[in-house]
Amino acid sequence: MQIIPISLPTPFYIGPVNVYLIREDPITLIDTGPKTKEAHEALRAALRAERLRVADIRRIVLTHAHEDHCGLSRTLRDEAKDAEILVHPWETGHRAGRLEYEGTRALLVRAGLPEEEIEAMRKLYESVRVYADGLAKDEHGELADDEELMFATGSLRVVHTPGHTPGSCSLVREANRTIIAGDCVLKRITPNPLLAVDPVDSSKRYPSLAEYLVSLARLRSYAPTLVYGGHGEAVTDFEELFNRYLQSIRERQKDVIRLVTKEGATAWEIALEMFPQATDVHRFLAVSEAIAHLDLAHSEGKIAVELKGEREIYLKARSN
Ligand SMILES: [Zn+2]
Ligand SMILES: [Zn+2]
């Protein structure tokens, strides 16, 4: 089985996105690129080079539902006369619109964001969501952890690898220990578990970083020789990347704990201290990063948290 990487342009800060073509029956595209003319045209050209047309695609598998990865799925499905779209059920929140979702708003309030900041994030999100079509529940099938996607000469195993988003999935080719990992593994970027509503209990925050660490360990258990990420080059030394990620998580946690004062601070205050220069979407990434590390430190008993009105205040642990 041949996995063919295709790089597509995106209008986002992160740069081009990688999608993957499996050129055997049923012809499958893993991720689609954003809904832009440029990405659509680049994909067409890449398929042409493989002597294929969009109409030949029978199956579209989404590693997760961020606009740069899923944006063209409906367009391609329609053009390919009802190719099947598969995505993990926990991506529904993203698909329906991250910040529209009342739950996400509640999480931002709890994190201590002022009203105007939440409004700015909503506006920004509105400008990003035009790069993807929403999909109704009956317009896609579901990816299940551990299921095998069958092809003419082999299979890919679906491994649920939450963290970046709750429904992120990786696809593992066990025969040669090759993995397509979406945004779970990126060569030049440190991991970014994003703030998300818990898909099982929408009154809760998803423990993104704790789950992300489990996902990394799970991928490592396959002893991968090649990992294709959602952006940038493939990773050939997963062990080195795994250790680098763990080290950067440990260092970040120390920084975050240091910023928790005696009087206490909200996640937003800590995020601004960590990333004073952050603008636009980077402010959402900043608060996501702060919360991810605060949650992990709290679950490990290293800091305390108290609810004050609607806001959570992080405090030094009593034993410190
Ligand atoms: Zn993503
Ligand atoms: Zn991405």
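This is a predicted model: local features need pLDDT of at least 70, side-chain atom pairs count only at pLDDT 80 or more; totals for chains, interfaces and linings use all residues.

Q: How many helices and strands does the protein chain have?
A: Helices (H or I, at least four residues) and strands (E, at least two) are DSSP runs, numbered from the N terminus. Here the protein chain has 10 helices and 13 strands.

Q: What does the radius of gyration say about the protein chain?
A: The radius is taken over C-alpha atoms, and the globule rule is 2.2 Å times the number of residues to the power 0.38. For 320 residues, a compact globule would come near 20 Å. The protein chain has 20 Å, so it agrees with that rule. Along the principal axes, its C-alpha atoms fill a box of roughly 65 × 40 × 35 Å.

Q: Which domains does the assignment give?
A: Domain bounds come from an automatic or database domain assignment. In this chain they are domain 1 (3-243) and domain 2 (258-316). Their C-alpha centres lie 27 Å apart.

Q: How many residues of domain 1 are in contact with domain 2?
A: Two residues are in contact if their C-beta atoms, placed from the backbone, lie within 7 Å. By that rule, 17 residues of domain 1 are in contact with 21 residues of domain 2. On the domain 1 side, helices H5 (102-110), H6 (115-128) and H7 (208-220) are the elements that give two or more residues. H7 gives the most, with 3 residues.

Q: What classes of residue make up that side of domain 1?
A: Ala, Val, Leu, Ile, Met, Phe, Trp, Tyr, Cys and Pro count as nonpolar; Asp, Glu, Lys and Arg as charged; the others, Gly among them, as polar. The side of domain 1 that touches domain 2 has 12 nonpolar, 3 polar and 2 charged residues.

Q: How are two packed helices described?
A: The angle between their axes and the distance between the axes describe them. Axes are lines fitted to C-alpha atoms, for helices over the stretch in contact, and angles run from 0 to 180 degrees between N-to-C directions. Take H9 (residues 267-274) and H10 (residues 281-299): their angle is about 115°, and their axes are 8 Å apart. Angles under 35 degrees count as roughly parallel, over 145 as roughly antiparallel, 65 to 115 as roughly perpendicular and the rest as oblique. H9 and H10 are therefore roughly perpendicular.

Q: Which residues make the contact of H9 with H10?
A: H9 brings Ala267, Trp268, Ile270, Ala271 and Met274. H10 brings Ala286, Val287, Glu289, Ala290, Ile291 and Leu294. By class, that makes 10 nonpolar, no polar and 1 charged residues.

Q: At what angle does H8 pack with H10?
A: H8 (residues 238-259) and H10 pack at about 85°, with axes 9 Å apart. They are therefore roughly perpendicular. Arg252, Gln253, Val256 and Ile257 in H8 meet Ala290, His293, Leu294, Leu296 and Ala297 in H10.

Q: Where is the cis peptide bond?
A: It joins aspartate 25 and proline 26, with omega about -10°. Proline 26 sits in the loop between strand S2 (17-22) and strand S3 (28-30).

Q: Which residue has a positive phi although it is not a glycine?
A: Arginine 51 does, with phi about 55°. Arginine 51 is in the loop between helix H1 (37-49) and strand S4 (59-61).

Key:
Residues are numbered from 1 along each chain as its sequence is written. Chains are lettered from A and ligands numbered from 1 in the order in which they are written.
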